[in-house]
Number of protein chains: 2
Amino acid sequence: MRSDRRRDLLRILHTGKASSQKDIVDALRAAGHEVTQATVSRDLREVGATKIRSGDDFVYLLPDELGRTHGSDLMIRNLERTLEEFSLDVRSAHSLVIVLTAPGHGSAVARAIDLAGLDDVVGTVAGDDTIFVATPSPDHAARLASSWSRDQERDQEEEK
Amino acid sequence: MRSDRRRDLLRILHTGKASSQKDIVDALRAAGHEVTQATVSRDLREVGATKIRSGDDFVYLLPDELGRTHGSDLMIRNLERTLEEFSLDVRSAHSLVIVLTAPGHGSAVARAIDLAGLDDVVGTVAGDDTIFVATPSPDHAARLASSWSRDQERDQEEEK
DNA sequence: CCATAGTTTGCAAGGATATGCAGAAAGTTG
DNA sequence: CAACTTTCTGCATATCCTTGCAAACTATGG
């Protein structure tokens, strides 16, 4: 039955291990539902599931899990890319990290930092082109700053 | 040049109007970049963009926009589906709406309500199987309650 | 300027997903 | 129960996306 199958579909999606519709077909068959990929495609549309990148392959996620991608690989890459593109300088000052960005991009970069969900980041405050990042200790701040500098340098090369 | 093209790609993605890689190829060509769809595919992987449902078709979004799907069509459908599945009863009491859910699903349903980003919803508090939804007025509460009851009824039919 | 190594791209093939259509199933009405 | 309407599904196919591979391009060191 349709409703029965959908319950199992949601369960499968919830495990976060379905990376293709074929995977889902297999899982559903294992649960006793004889279905084809075409039906799965339609079911997925109905529940609003979408396939997003997770590292190098994909995962199907439900809409309410879309916002929970904090700290994921995707968001960490997003931070790296954002730093490459918009950060001009990164320094540490005691337990703070100060990031200088292209004018007007302070908030955007700070958001990327927040979304990355790094343990070392306690909080951020963004101005127009400057961000203060609070960390637990000067040690942490130094580590973060040097890591982010590396990300940021690559862009400087290209400017030449 | 690669970096130049990527800047334009990000701009295109930001408009939220690219629903296929072919669209993006066209847009890039219009901006003076001779590219093929294969290159676009690789560029998209690099910036971490993913294709998500938007109503009946798709949109390519950047990672940091994934969380901003509040209030979208996707989230509204998600709420409808969630109510169908987990809500047992919906009533209004003055300017509040009270939703009774399957045991343990209070928070999950409340989250779906929040994500839908409805103007009429001022705030929610969730218990194990009960949710209080604050609205601006008894009028709003009544409207919401009846709308959600309709969603919820469909499931009741199937229980028979 | 050449040789070499690394990077980027197009092409073509293959994989994954969406969909028109027609038939099956389920539900409705008289 | 027959006739009809509506919903669901599989099949076959179209569309869309990814990827291996080889060629074109860049960068670097002689």
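## Confidence

Chain A has a mean pLDDT of 89, with 93% of its residues at 70 or more. Here pLDDT is the predictor's confidence in each residue, from 0 to 100. This is a predicted model, in which local features need pLDDT of at least 70, side-chain atom pairs count only at pLDDT 80 or more, and totals for chains, interfaces and linings use all residues. Residues are numbered from 1 along each chain as its sequence is written, chains are lettered from A and ligands numbered from 1 in written order, and side-chain values use heavy atoms, leaving out hydrogens and water.

Helices (H or I, at least four residues) and strands (E, at least two) are DSSP runs, numbered from the N terminus. Over residues 156-160 of chain A, pLDDT stays under 50. The model has four contacts beyond four places in sequence for that stretch; contact means heavy atoms within 4.5 Å.

## The sheet of chain B

Chain B holds an open sheet of four strands in the order 3-4-6-5, paired antiparallel. Two strands pair if DSSP finds at least two bridges between them. Strand 3 (87-93) and strand 5 (123-126) of chain B stand at the edges with a single partner strand each, so one side of each has no neighbour in the sheet. The twist averages 20° from one strand to the next. Axes are lines fitted to C-alpha atoms, for helices over the stretch in contact, and angles run from 0 to 180 degrees between N-to-C directions.

Five bridges join strand 4 (residues 96-101) of chain B to the antiparallel strand 6 (residues 130-134) of chain B. One pairs B:Leu96 with B:Ala134. Two helices pack on the sheet. Helix 5 (residues 73-86) of chain B touches strand 3 and strand 4, at about 105° to strand 3. Helix 6 (residues 106-116) of chain B touches strand 4, strand 5 and strand 6, at about 170° to strand 5.

## Around DNA strand C

Of the 19 residues around DNA strand C, A:Gln21, A:Arg45, B:Arg2, B:Arg5 and B:Thr39 come nearest. A residue is near if one of its heavy atoms lies within 4 Å. Helix 3 of chain A gives the largest share of this surface, five residues.

A polar side-chain atom of A:Gln21 lies 2.6 Å from a phosphate oxygen of DNA strand C. A backbone N or O atom of B:Glu34 lies 3.0 Å from a phosphate oxygen. A side-chain N or O atom of B:Arg42 is 2.8 Å from a base nitrogen.

Note on methods. Polar contact = N/O pair within 3.5 Å; in protein donor to acceptor, adjacent residues only side chain to side chain.
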